[in-house]
Amino acid sequence: MMIDLRYLWLRLGQALLVLLLAFTAAFVLLSVIPGDGVTARFADPALGLSADQVAAIRAETGADEPLLTRYLITLGGFLTGNFGFSVQTGAAVSTIVAAALPSTLALAVSGFLTAVVLGVLIAVFATFGPTTGPRAWVRRVLDSVPSLFISIPVFWLGILLIQVFSFQLGFVSVVSPGPAEALVLPTLTVAVPLSAPIAQVLIRSITEVKATGFVKVTAAKGASELWILVHAVARNALLPGLTIVGLIFGELVAGAVVTETVFGRNGIGQITAQAVTNRDNPILLAVVVLATLGYVVINLVVDLLYPVVDVRLRRGRGTASAQGQRRASQTATRQRTPDDRTKQALAASASSVGVELDWGADDQATRKARP
């Protein structure tokens, strides 16, 4: 399928604008907060630095520059890949983020995929489960599960999973676990709250599609529920699910921050929590821009997937559509124009009830009452 390049460039331009606005908002908010990381780090009496020494450090780091100057310098650094240096450790922010990013990506991808699978399973069994019989209660319970999942605090869920599956049952170790084992409980902690909105939207969408006429006709022809789900319902109910998948990325980032703090994982969430405590603004700014970039990319991919899922949204088919409409109109016109045999049948039928049909030059019939 051809992608509308004009639409693609428009979406890329919007993505860049969102990144710029997010960077600007984060920079301004971090700058107007009273105090700064340099003062918090070096003005501690325990370090024994004089006021002149602290002022020299501030001048060297550019903390005393005007707001606009610092904004332009920082923006130029971000555009060239230079995120600055951590106030707390003095290390390059890019090095700190690069070291923490793989752990967070592994947690985000595993949690996201698990949430999608869990949300789809809940939605399918809540809408296609048995409505009568001894197992009818399963459908009612699954229908209410998303409301329960979405109300569970992430930090409480993480602590509960550690207590039950690690300390009580011993299924998963949280003390020096392996790479795969260390992902199990954090993945569940992230996935459970994320699966709730996916399941809620899919349940509503599947229910609406099942109520449409073409699905009822398909069911009346004897198709099984599995065939109806795969061939008739899935694609038509998928668009709202794609939308919510793109929107929950912000919740995914927030959940990863809390989860990594609870489980002590060395990732973006851990360095974010430490940066907030230490007023390490360069790291906070880099994390905000990185999270915004991920959000923008995911929503851009979702937008580009819409025409793939629903042919009605595909662009560049205006000419073919217009030709099809003209052909349909010509066919309908030919079908409305009766031939000689049809005229004879209509005339005989009308004559039986005392009406004569007079066919004009344009093949339109007019009624005349028989005297």
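Me: How many residues does helix α1 have, and how far does it reach from its first C-alpha to its last?
Reply: Helix α1 (residues 5-32) has 28 residues and reaches 41 Å, close to the 40 Å expected at 1.5 Å a residue, where the expected span is 1.5 Å times one less than the number of residues. Helices here are DSSP runs of H or I with at least four residues, strands are runs of E with at least two, and both are numbered from the N terminus.

Me: What should I know about the model itself?
Reply: This is a predicted model, in which local features need pLDDT of at least 70 and side-chain atom pairs count only at pLDDT 80 or more, while totals for chains, interfaces and linings use all residues. Residues are numbered from 1 along each chain as its sequence is written, and side-chain values use heavy atoms, with hydrogens and water left out.

Me: Which residues of α1 are buried?
Reply: They are Arg11, Ala15, Leu19, Phe23, Ala26, Phe27 and Leu30, with buried meaning under 20% relative accessible area, using a 1.4 Å probe and protein chains only. An α-helix has 3.6 residues a turn, so residues three or four places apart point the same way.

Me: Switching to Thr189, where does it lie, and is it buried or exposed?
Reply: Thr189 lies in helix α8 (residues 181-210) and is buried, with a relative accessible area of 1%.

Me: What is Thr189 in contact with, leaving aside neighbours within four places in sequence?
Reply: Thr189 is in contact (heavy atoms within 4.5 Å) with Val154, Leu157, Gly158, Leu161, Thr259 and Phe263.

Me: What does UniProt list as "transmembrane region"?
Reply: The unreviewed UniProt entry lists residues 105-128, 148-171, 183-203, 237-263 and 283-306, in the numbering used here, with feature names shortened and annotations that may be inferred rather than shown by experiment. In the model, residues 148-171 are 75% helix and 0% strand, with end C-alpha atoms 25 Å apart, whereas residues 237-263 are 96% helix and 0% strand, with end C-alpha atoms 36 Å apart.

Me: And what is the mean pLDDT of the chain?
Reply: The mean pLDDT, the predictor's confidence in each residue from 0 to 100, is 77, and 74% of the residues reach 70 or more.

Key
Buried < 20%, exposed > 50% of the residue type's maximum accessible area, 1.4 Å probe, protein only.
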